[in-house]
Amino acid sequence: MEKYVCIHGHFYQPPRENPWLEAIELQDSAYPYHDWNQRITAECYAPNGASRILDTGNRIRQIVNNYSRISFNCGPTLLAWMEQDCPDVYRAILAADEESQRRYSGHGSAMAQAYNHMILPLANVRDKRTQVRWGIHDFEKRFRRKPEGLWLPETAVDIETLDILAEMGTRFTVLSPYQASRVRPLGGHAWKDVGGGLIDPSMAYRIRLPSLRSMTLFFYDGPISKAVAFEDLLARGENLAQRLCEAFSDSRTWPQLVHIATDGETYGHHRSHGDMALAYALHHIETNNLARLTNYGEFLERHPPTQEVQIIENSSWSCVHGVERWRENCGCNSGGHSGWNQEWRAPLRNALDWVRDKLAVRFEEEGCVLLRDPWKARDAYIEVILDRLPDNVDRFLETHANRELKPAERIRALQLLELQRHAMLMYTSCGWFFDELSGIETVQVIQYAGRALQLGQELFGDGLEEGFLNLLERAKSNLPENRDGRLIFDKFVKPAMVNLEKVGAHYAISSLFEDYPAQSRIYSYEVEREDFQRAQEGKAHLALGRAKITSRITGESSTLSFGVLHLGDQNVSGGVREYRGTEAYGELVTEVQEIFHRGEITELVRAVDRNFGSGIYSLRLLFRDEQRRIMGLILDQALDHAAALYRDFYSQYATLARFVTELGIPLPARFQMAVDFTVHEDLREALSTDEPELRKVQALLEEAGRTGIVLDKVTLEFTFRRTVERAAGGFQADPGDLRLLERFDKAVSLCPHLPFDVNLWGAQNAYYAVRESRIDEYRTRASPTYGDTQGWLRTIQADLRTARNAYDAAREIRIEEYRAKASHGDAGALHWLYTMDSLGSKLGFYIEPSVQEAAK
């Protein structure tokens, strides 16, 4: 009896980009990372691309790419972010699919996904089609093949959705066992009820569709999947392997498939080191021949369906009520908030449906003026989303425009299509999944609605915002301070809105603190500087200029004049206005500069107000990351002053502080603040240098212990991790430089002396890559037959045969020296090997004793 095992991971994050900037802004809740995508990548997506298999002594025996041995899907919006921000992880995922094709009879393990995780049974048929088309096209662009399967967001399903999948060539999808209704043998007549999760998950099933098409459905093993996601099955890889193999039954007479499906984030983010449990389970099953690892495509080719199935429509894997979690207060939530409700879900969806339908009518009317078929153009717009280079946009418009468009018409066409993109992004499922209307996921979908409304206002002048807010106001927050959807829109959406003037203001203010080149990029905008003048009088700084701002998304542009004044600290103000020609711009520059150089600050502020009117901005306007950076620059001087005071105080009273703590007396708050600050700063500095000194770090740690400091271990670990990774990266870039290897070894040697565990994942990867690619070379060089010295001997002997007299002296003097070198091998290579083995041991790798002895 054939036994197969398949593990599916659904790797997905909701799109988190600011809809106006097309970039993720700083998310403090993800500290010490910039945002949640970065944090989850570090905890899950990256580790699964380089997961450790350990021996019984917890030493690393092997590093493997989990993606190549499982079935998986990655959300298209997540992959788009990853391609730009984490290219190494992105490449590992693409490489894994290629490897899986070699492993699994030509069938890649990657599956496509409906584009932005919209709950398809709740979507209209037009959105369903576009979501599936975009998901398939995105997959083909990235993985360079057609997908065999497509993952449905939340496995939410109805017959219409399956029919669309089949129409577009999808061979299979995966559902929860609780989504099956009844089964029968192909060609049979009597149906068997399998509701309540009673379907046998060990085989593939065929579903016949109203269009007379059909496709294959797999129903994953519910109990094991639940144990992986919500219990402790990932505590040990052996446990997972055993549980999977226990699901085989001798009573079955057909080839059996044991397969599970969970969120991919289970393997590392939700369950720490879950990636390693997964890696070991797969390794254990394979090396012990307990079953054959497979993916759905390979299994389907080998064992086509023999049973027919019918499904429960409007069902999903994460809501026992069907799909109510995304439109009603059904009782499903993430928990932990007693007394909260999710009554806001229905009015939120109603408000978004109203916006979608209102905008769809105008999109079609206005789109027909510019596009052959607006909805077909929308379906194909994914080609532009994936490649916004001008030549590609030109090709797209040549295909879909009903004539050669003028520049203004071209911009309008792209704005229409962007409106539709955001009108779909606003249905991303996470907007309803969690507990609170003002949560970051829900605010995100409301921001997408805000962008769609803004584009609608620019295109049609309809003024739909008030009607939308009247509906959104019915959605009530659980937090009194956030009241309802209208207030949330005012607090979290309006401040995030961006137009060309606001981008210009950001450029103007930040130009006081950053030297921009003539051509620069600010998120999704290009800035072409046409003039820039800067002046300084004492602490006051003035910048005046003119720049052309262009959206890389729609092509709309505007030339703006600006003036900005910094009077020290947070006192920054400036203005932006449309460029009014050379004469007006010259008058502006002359007037403002003359007043500035006279030192008449009050009059200068009046002049800025007079010239720029309502377009006055301050540091509050800056986009979040730049605002944080510039505030850091402004605060540096004050912080340096404070640091000097703290350090001076500490140097005078350190002995007293130690004595007080030795007596068991708590330090006064002001004493403790100075001690904490000084020791933490010294520790951070000591751990961030390229070559940290053990004695210095130990002395600081002892001081922290004596004075009762509670260390900020998160920040200190992150700081030192980056130091180790810099050393590792330097060595990986030039493995032959023994000095870089020794620096790497020295940094890692510090880890056991620290009062916190250092995440060495990146350093281990660098070490492993070098060891795998260079170790044989260095072993050869270290051997007594190393080619350089032996080659010298052969060369000189050949030369002596033809010119013996000329080489007699060299032969007599040097031959014994090189024979000695040849007998002992290359000393540098021996030292390299010894250091590598020492470093590998410190990094947690298994080093064979024979290799260690040879290195010594």
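Strand 17 and strand 18 (residues 557-566) pair in an antiparallel way over 10 bridges; pairing here takes at least two DSSP bridges between two strands. Strands are DSSP runs of E with at least two residues, helices are runs of H or I with at least four, and both are numbered from the N terminus.

A quick word on the source: this is a predicted model, where local features need pLDDT of at least 70, side-chain atom pairs count only at pLDDT 80 or more, and totals for chains, interfaces and linings use all residues. Residues are numbered from 1 along each chain as its sequence is written, and side-chain values use heavy atoms, with hydrogens and water left out.

Strand 17 (residues 540-551) also runs antiparallel to strand 16 (residues 525-537), joined by 12 bridges. Strand 17 is mostly covered, with 9 of its 12 residues buried (under 20% relative accessible area with a 1.4 Å probe, protein chains only).

| Hairpin | Residues between the strands | Glycine with positive phi |
|---|---|---|
| Strand 16 and strand 17 | 2 residues | Gly538, near 65° |
| Strand 17 and strand 18 | 5 residues | Gly555, near 85° |

As for bridge partners, Arg534 has Ala543 in strand 17, while Lys548 has Thr559 in strand 18.

Now for the lining of the second largest pocket. Helix 6 (222-230) is one of the elements that supply at least two residues, and helix 6 gives the most, with 6 residues. The lining divides into 20 nonpolar, 20 polar and 8 charged residues, where Asp, Glu, Lys and Arg count as charged, Ala, Val, Leu, Ile, Met, Phe, Trp, Tyr, Cys and Pro as nonpolar, and the others, Gly among them, as polar.

Note on methods
Buried < 20%, exposed > 50% of the residue type's maximum accessible area, 1.4 Å probe, protein only.
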